[in-house]
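Trainee: I am new to this kind of model. Could you walk me through it, one feature at a time?

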Protein chains: 2
Amino acid sequence: MPIQTNQSVSVDCALFGFDGVSLRVLLIERPAYNNLERMKLPGSMIHQNETLPQAAVRVLESLTGMKIHYLKQLEIFSDPWRVSGDELAWIRQRYQIQTERVVTVGYYALIKLDNRLYEHTSAKGAQWVSIDEIQRLAMDHKQILSVALGMLCREMQQSPIAFELLPRKFTIKELQRLFEAVLGIEIDNRNFRKKMFSSGFLSATGEKQTGVAHKPAEYFTFDKAAYRKAMKAKLKMGFIDNWRY
Amino acid sequence: MPIQTNQSVSVDCALFGFDGVSLRVLLIERPAYNNLERMKLPGSMIHQNETLPQAAVRVLESLTGMKIHYLKQLEIFSDPWRVSGDELAWIRQRYQIQTERVVTVGYYALIKLDNRLYEHTSAKGAQWVSIDEIQRLAMDHKQILSVALGMLCREMQQSPIAFELLPRKFTIKELQRLFEAVLGIEIDNRNFRKKMFSSGFLSATGEKQTGVAHKPAEYFTFDKAAYRKAMKAKLKMGFIDNWRY
DNA sequence: AAACTTATCGTAAAAAGTACGCTAACTATA
DNA sequence: TATAGTTAGCGTACTTTTTACGATAAGTTT
C-alpha cells in the first residue's frame, strides 16, 4: 500500500457562545457550488509555518475580530473519503491546490457573546445558530459539531470553562441557566448556589441587577487565582477521590 | 502566506504495559543515522485509504502480533519544525518521499504484557522500557510520551481502562499496585477494595493465589456487562453529581 | 511455634450531596 | 396603592459517599 502523498491538512472550528437562553455556534455560509450544503463550520487549510492551533486561532480571530481565549483540540477526522466528489472539487477550486485527500482537525472554542461580536461576525457573513436548530452541515461538519458538543458537556463538569461563555459579571442564575442549557437538565437553584459558593472562586462584586421584576440578584465574577489555588490544594492530597467508574 | 503543500501525516504510538511493578512503554531502536537519537516510539506514515487509527493499529499489531483492544488519540503535533534537518532527511530516506513537513498524530494504547508478547516484540527489535528510565527519545517523541502519560493518568481515574493492562484474572492488590504505579500515590487497601467492590463490576472467580507467603488473595475478573449496565444507570439520573472544579 | 505479610471484614466519624421550607425584594397589574 | 407574581438567598434535616483505622484470617519463612 503506497504512502499517502498530495494530501492537505485543515482545521475546522466549532465556536460556541451563550445568549442567556441557548447555546449557539458560529456557522458560515459558502457560495453555492453544485448542490453542496451551504452551511459549514469555519475552517481553513493550514499555512506554511503555522501550527494547527495557530491556524484555528487565525480563522476564528479573523472572523470575530476578538481574541480567542479558550481553544481545544477535538480529534482528527481522517476518513480517506470524508472530502470527495464535488466537495473535493470545491476545495481544489477554493484553495487552488491539487490535493487528493483532506485530513481535518476539529477544534472547539468558547467566546463571550456581545453586540460588538454580533456586528463583526455578521459583517463577515457568519451566523450564530442555536445548536438545536442545526439540521445538516457541509461535509462531515455535523459530525465534528457533535463531537465538539460532547466534549463541551464533559469539560463543563470538570473545569471552569463555563465562565468563558458568560460576561465578566454574572448572576448565579445565569450560570445555572448555562449549565441547564448545555447539559439539558434542571438544577435546584439552592443547591446549585451552595455548590458554586463552596468551591470558593466566585467573588461578589457588591453590584446588583436593576430593572428586573423580582429581587435583584448580585453579580459575581470568577476568581481565577482562587481557582488555581484550590486546584493545587486538591492535587496535593485527594487525587484518588474522584473516580467515576 | 502560502497554503502548506508537500506535507506528510504520520502516527506515533505509545503502547503501555504493566509488569506488576512498573509501567512500561514499547520503544523501537532505529538504525544509526548521523547523530540522531536511536530510540523512538513506533510510528508510520499513513497509507492511502487508511484512517489514522487504522494506521496506528497497523503499526502496533505488526509489532506485537496481537490485537490492539484499546487505542486512543492524543493530539496532533504540528510544529512546522518538529521534523527538520537530519530528522527530515532521515524520513525522506526511510520512506522514499519528498516531504517538506511532517505532522504527526499521537496515539496511546494499552496491552496486557505476557511472555508471548515479550518474545514477539523482542524478535522485532522492540523493547519494553520502564517509563522512569527514559531519558531522551528521537524527534519530539519524549513530548508525545509525556502527553500520553498524562492522558493515561486522567483516563484511569474515569474509566475502567486499568483492566486493559492486567491479566484477565487479577487480585485486588495487583489492581491497586497498578493504580499506585500509574498515579504515583499510596492507597489504603481497605478503602480501595471497598471502592472497587461497590462499583459492582468485579466478579469473583473462586480461585485463589498459591505459593504466596501470606494469606492467598482471590482472583477477580472485570465484568464488562455489569460495568455498562452501571454506566447506563448513572447517566439516567445523576450527571451533575460529579463536578470537580 | 513464632514472626511476618497480606487479605479481608468492620465500624465510626467526617464530608459531600439532596430535598425542600421559608423570607426578602423587586416589578407588573389591578 | 395594595397584591400577585417572580426569583434571590438563607437555612435545616436527611442521605450517601469517603476516609481513617482496628481487628482477625490464612498463608510462608525462619
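Trainee: Over which residues of chain A does pLDDT stay under 50?

Mentor: This is a predicted model, in which local features need pLDDT of at least 70 and side-chain atom pairs count only at pLDDT 80 or more, while totals for chains, interfaces and linings use all residues. Residues are numbered from 1 along each chain as its sequence is written, and chains are lettered from A and ligands numbered from 1 in the order in which they are written. pLDDT is the predictor's confidence in each residue, from 0 to 100. Where it is low, the predicted coordinates should not be read in detail. Here, pLDDT stays under 50 over residues 236-245 of chain A. Chain A as a whole averages 91, and 95% of its residues score at least 70.

Trainee: Which residues touch the most other members of the largest nonpolar core?

Mentor: In soluble globular proteins, nonpolar side chains tend to be buried together. A nonpolar core is a set of buried Ala, Val, Leu, Ile, Met, Phe, Trp, Tyr and Cys residues joined through C-beta atoms within 7 Å; buried means 20 or more other C-beta atoms within 10 Å of the residue's own. Among the 101 residues of this core, A:Cys13, A:Ala14, B:Cys13 and B:Ala14 touch the most other members. Leaving out residues up to four places away in sequence, the contacts of A:Cys13 include A:Leu41, A:Val59 and A:Tyr107.

Trainee: And which residues come nearest to DNA strand C?

Mentor: A residue is near a strand if its C-beta atom, placed from the backbone, lies within 6 Å of it. Of the 22 residues around DNA strand C, the nearest are A:Arg190, A:Ala213, A:Lys215, B:Lys173 and B:His214. H6(A) gives the most to this surface, with four residues.

Notes: Helix = DSSP H or I, 4+ residues; strand = E, 2+ residues; numbered from the N terminus. Contact = placed C-beta atoms within 7 Å. Buried ≥ 20, exposed ≤ 12 C-beta atoms within 10 Å, placed from the backbone.
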